[in-house]
Amino acid sequence: DQAPFLPAGAAPCGTPGGAEGVFGGPKSNIPWSLKWSRGLCNTLMAEGFWGGHVGPWFHRQKFGFSFWDPDPSNNNSNAILRAKWTGTLSPNLYCNPADPTCDPNTTGPAPAPAPA
């Protein structure tokens with residue numbers, strides 16, 4: 001189904017591993033940037049930073065999204081955020097403070113080198 005849209009000789013797209021999600025928080029009558037933000041923020045509010053659905057937002061290399069409005073005639077309907085993440089899954093840089101073995105003072109990104 002991709003062939004008519006690809007340049008001559010292009011390899012077809014594959015289906016690499018990744019994650020996908022559907023988020024129902026955004027409304028249809030707001031700008032796309034707010035719709036996207038509400039999808040992310042509603043997930044953070046519901047699950048916290050270490051929730052099972054939050055990891056892909058921050059730890060995947062590639063991200064794509066679209067909005068689906070099931071009732072375009074209703075200006076106040078929900079515009080469902082559909083998202084797909086793929087690419088290398090990066091590790092968490094910080095431990096979960098709810099974990100008794102977590103020491104927040106020993107996690108995080110590596111320190112930047114001192115200026116020369």
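Two strands pair if DSSP finds at least two bridges between them. I kept that rule at hand while going through this predicted model.

**Entry 1: the sheet.** I looked up E2 and strand E3 (residues 80-89). They pair in the antiparallel sense, over eight bridges. Then I took the whole sheet. It is open, has three strands in the order E1-E3-E2, and its pairing is antiparallel. Strand E1 (18-23) and strand E2 (60-68) are the edge strands, each pairing on one side only. On average, neighbouring strands of this sheet are turned by 15 degrees against each other, direction ignored.

**Entry 2: the helix.** Which strands does helix H1 touch? I found that H1 (residues 32-47) packs on the sheet and touches E1, E2 and E3. The direction of H1 makes about 115 degrees with that of E2.

**Entry 3: aromatic rings.** I searched the whole structure and got six aromatic pairs. I picked out phenylalanine 65 and phenylalanine 67. Their ring centres are 5.7 Å apart and their planes stand at 75 degrees, so I log the pair as edge-to-face; the cut-off for that class is over 60. Ring pairs link Phe23, Trp32, Trp36, Phe63, Phe65, Phe67 and Trp85 into a cluster.

Entry 4: I then looked at what sits over the ring of phenylalanine 67: the charged end of lysine 35, 5.4 Å from the ring centre.

Methods:
Residues numbered from 1 in each chain as written. Predicted model: local features only at pLDDT ≥ 70, side-chain atom pairs only at ≥ 80, totals over all residues. Heavy atoms only, no water. Phe/Tyr/Trp six-rings, centres within 6.5 Å; stacked < 30°, edge-to-face > 60°. Lys NZ or Arg CZ within 6 Å of the ring centre and 35° of its normal. Helix = DSSP H or I, 4+ residues; strand = E, 2+ residues; numbered from the N terminus. Axes fitted to C-alpha atoms, helices over the stretch in contact; angles between N-to-C directions. Contact = heavy atoms within 4.5 Å.
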